[in-house]
2 protein chains.
Amino acid sequence: MEKPYYAVIFTSTRTSGDHGYGEMAEEMERLAKNQSGFLGIESARESVGITVSYWTSLAAIADWKTNADHLFAQRKGVTDWYKWYKVRICLVEREYEFEK
Amino acid sequence: MEKPYYAVIFTSTRTSGDHGYGEMAEEMERLAKNQSGFLGIESARESVGITVSYWTSLAAIADWKTNADHLFAQRKGVTDWYKWYKVRICLVEREYEFEK
């Protein structure tokens, strides 16, 4: 990816039960991909969930944070889905890659 | 965590079979935690594996990268364990947290 760019690291632990989480998570990923400045997203969950999304600028991250559908999902996150979460907004300073 | 601090985002896809990976991953986490400048580590793997480790400085990250046992594991990673990986070294600019 072309620098400078930003990574948003979202780590979380879930409440028990789905409560519509799976469907909303897919919908949010679909919407994020349509946002201006979106570069990519990667997710995995075991005892902790980690989602890292990549963005061209802090402005693009702020736009996604205040997207109306995303705001709705964020409220549901606090009331229904997450026991704990942490968001870190990071400037990617260096990167390297290996492919077999 | 006290700023400034750094996040190392390690994303990967595995080859098939364990080939000693599980044991080495645990050992590397144990060693990383004893490194000077280590702040924390979080991991999850589904179709992609994501490990994020947190460090006080770029020097602490460089020390861990060149740790002899870690160098051995990195070589095994390339020959045996990973189809693909990407490492991103990031400055954490902002963070916020929610706890129920």
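Between chain A and chain B there are eight salt bridges, a salt bridge being a side-chain nitrogen of Lys or Arg within 4 Å of a carboxyl oxygen of Asp or Glu. The model is predicted, so to speak of local features a pLDDT of at least 70 is needed, side-chain atom pairs count only at pLDDT 80 or more, and totals for chains, interfaces and linings use all residues. Residues are numbered from 1 along each chain as its sequence is written, chains are lettered from A and ligands numbered from 1 in the order in which they are written, and side-chain values use heavy atoms, with hydrogens and water left out.

Let's look at one of these bridges. The side chains of B:E95 and A:K86 meet in a salt bridge, 3.3 Å from N to O. This pair crosses between chains, from strand 4 of chain B to strand 4 of chain A; strands here are DSSP runs of E with at least two residues, helices are runs of H or I with at least four, and both are numbered from the N terminus. Is A:K86 buried or exposed? A:K86 counts as buried because its relative accessibility is 8%, where buried means under 20% relative accessible area, exposed over 50%, and partly exposed in between (1.4 Å probe, protein chains only). B:E95 is buried too.

A second bridge links B:K86 with A:E95, and the closest N and O atoms are 3.3 Å apart. B:K86 lies in strand 4 of chain B and A:E95 in strand 4 of chain A, so this pair also joins two chains. A:E95 and B:K86 belong to a network of salt bridges with A:E42, A:E97 and B:R88.

Now step back to the whole meeting place. The contact (heavy atoms within 4.5 Å) takes 40 residues from chain A and 40 residues from chain B. Together the chains bury about 3,900 Å², with 54% of it on carbon and sulfur atoms; buried area is the accessible area (1.4 Å probe) that two parts lose on being put together, summed over both. On the side of chain A, the residues that lose the most area to chain B are A:R88, A:Y96 and A:F98, together 18% of what that side buries.

Which strands join the two chains? Strand 4 of chain A and strand 4 (residues 82-99) of chain B run antiparallel and are joined by 15 bridges; two strands pair if DSSP finds at least two bridges between them. Within this pairing, A:Y85 has B:F98 as its bridge partner.

Strand 4 of chain A also has a partner inside its own chain. Nine bridges join strand 4 of chain A to strand 1 of chain A, and the two run antiparallel. Here A:V8 stands opposite A:I89. On strand 1 of chain A, eight of the nine residues are buried. Strand 1 of chain A pairs with strand 3 of chain A as well, in the antiparallel sense over seven bridges, and A:F10 has A:T51 as its bridge partner there.

In helix 1 (residues 21-34) of chain B, B:K33 and B:E29 are four residues apart, about one turn of the helix, and their side chains meet in a salt bridge of 3.2 Å, N to O. B:K33 counts as partly exposed because its relative accessibility is 45%.
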